[in-house]
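Here is a short note for a colleague who is opening this entry for the first time. Please read the points below with the sequence and the model side by side.

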Amino acid sequence: TTTTSDTANGSCANNNNTANPNPNKTTTPHEPEGTSLVLPPCNAFLRRCLYETIEDEYPGLVLERASSDPSAGPARNQIRATRLSPAEKSRRERRLRRENWDRMLLHDVGFAVVFRAMSDACNGRVFSAEQTRRFLDGLSPELSMPAKAQDGEGRKIPLVIHNGLHDLMFLLTHCHNARLPESFEDTKKVIRGYFPVVYDTKILGTEYSDAIIKSGNSALGDLFDTTCNTSDANSDVPSLKAPLIVNQDGRSQGQAHEAAWDAYMTGCVFNALCNRILESKNRFSADLTLDDLLHESADGMLREWIGLNKIYMHVSLYTIDLESSGPAPGMHDPLSSGLSVDTTFRVSGITTSVSTRDILQALTTGNESEEEAIRELRYEIIWVDDTSFFVGTRMTDCVSEDDADATGLVASHVRSKLHAGLGGDVEILPLGEYFKKKHEDVTETMMSTTSETGGIVDSLVSVAMSPLKILGRAFSYGKRSSEDDGIIDSAKKPRKSR
């Protein structure tokens, strides 16, 4: 930071080399803000006269209080006059804008208000400069206003995330209630109440895009490089001409896991992937723009084309569907794209020495001579505990999930390979059969202990909640988990110890 010295007597100094004890100044020796002169202390009347006279005689000078620090003493009654070059003036304006913005967020607003503003925009409420000022001045409790009746429902701004389920949970626990609802379905309702239109670029890339995108890495940085930052003229993926942004120093871009840069990449990837999907769809129907798709299309089309309100869940066989609901909590979310209850299995009874590599080796050894449907299979392993796991099989796009013959072939292949590779004593159950059996066991246990647990009402509540507990195990709240941004699909995952 920089300022002048010997201010009581009035002196002139160049800000390039003079240290400044004033904590309110944010300039550095590398970014000087001109040459300044600090005038001697004087009373309020004389300061006003000096401001008016100097501004009239020397309009190119910048006048400000020498210090706004309450403990600065006489410096609070002094004026600093600064002469700036055009470059220095530009730097100063950027600094002041940044400081004013930070001051507003930290002291006048707070993040809860930012959260509220985001939710209002997502719910189609209308903002105006007048209403915002009334709110900040304490004259109105409302940050925004409902859309006018003659205009119909306001335009709902979508919330775009990348693998953002945990981020949404974090927002709820900090801006809604420190405790999330006990029910999984109730939690989804709370999310939808705040953000009724959500798109997840992780889901958009892995479930709704073309084969080129699906076959690549779905981490945010990789999707951005593939769709927005590809300089290879021979690339199979046309690159979106994304606007360039840089850090405030004007010299460097951001990097992954910085909030602003991640937000920028997420928006660019969403735009690029949606336009790729539209390009393929428009070959067979009327030309749609992205704006038309987002704001003029029916929800059914949005769910079918770009996964409206579907969210990726890390290390899980499921896609979270914010619109699903039912009497059995948590049981109405779909399996991830390409997975089927008939070709996803719960395997138990293995020895503790078995690793992910062993399982994948058992499933893939000798497949070169099998039919194409088997050769092209992809496997996803989700560990439950040391001796059990789920294995999902993802078929290629050329094989329909409704093809009963292909489904039967895959199921038979998985069973025979796992029994041969892991031993004939392991238990292998299709996912649907496993859930049905587990639910029947829990129901029988609850009903048999009715008198001990407080009566039939308590037992029915326990039975109703049991699918959520089952689902938790399917979501792999166990000890082995993936190390990267997605579900395990390689043989490199080591076995984790307790």
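1. The model is predicted, and its confidence should be read before anything else. The mean pLDDT of the protein is 76, with 74% of its residues reaching 70 or more.

2. Two stretches call for caution. Over residues 1-30 the pLDDT stays under 50, and the model has 67 contacts there beyond four places in sequence. The pLDDT likewise stays under 50 over residues 453-498, a stretch for which the model has 113 contacts beyond four places in sequence.

3. As for overall make-up, the secondary structure of the protein comes to 17 helices and twelve strands. Of its 498 residues, 42% count as buried. When contacts between residues at least 6 apart in sequence are considered, 63% of them join residues at least 24 apart.

4. C274, at 0% relative accessibility, counts as buried.

5. Helix α9, residues 220-228, packs against helix α10, residues 259-281, at an angle of about 50°, and their axes are 9 Å apart. The two helices are therefore oblique to each other, and α9 passes α10 in a left-handed crossing. On the α9 side the residues that meet α10 are L220, G221, L223, F224, T227 and C228, while the α10 residues that they meet include W261, Y264, M265, C268, V269 and L273.

6. The second pair is α5 and α6. Are these two helices roughly parallel or roughly perpendicular to each other? Helix α5, residues 165-175, and helix α6, residues 184-194, pack at an angle of about 85° with their axes 11 Å apart, and they are therefore roughly perpendicular to each other, given that angles of 65 to 115 degrees count as such. In this packing L168, M169, L172 and C175 of α5 meet T187, V190, I191 and Y194 of α6.

Technical notes. Residues are numbered from 1 along each chain as its sequence is written. This is a predicted model: local features need pLDDT of at least 70, side-chain atom pairs count only at pLDDT 80 or more; totals for chains, interfaces and linings use all residues. Side-chain values use heavy atoms; hydrogens and water are left out. pLDDT is the predictor's confidence in each residue, from 0 to 100. Contact means heavy atoms within 4.5 Å. Buried means under 20% relative accessible area, exposed over 50%, partly exposed in between (1.4 Å probe, protein chains only). Axes are lines fitted to C-alpha atoms, for helices over the stretch in contact, and angles run from 0 to 180 degrees between N-to-C directions. Helices (H or I, at least four residues) and strands (E, at least two) are DSSP runs, numbered from the N terminus. Angles under 35 degrees count as roughly parallel, over 145 as roughly antiparallel, 65 to 115 as roughly perpendicular and the rest as oblique. A crossing is left-handed if the near helix is turned anticlockwise from the far one by less than a right angle, and right-handed if clockwise.
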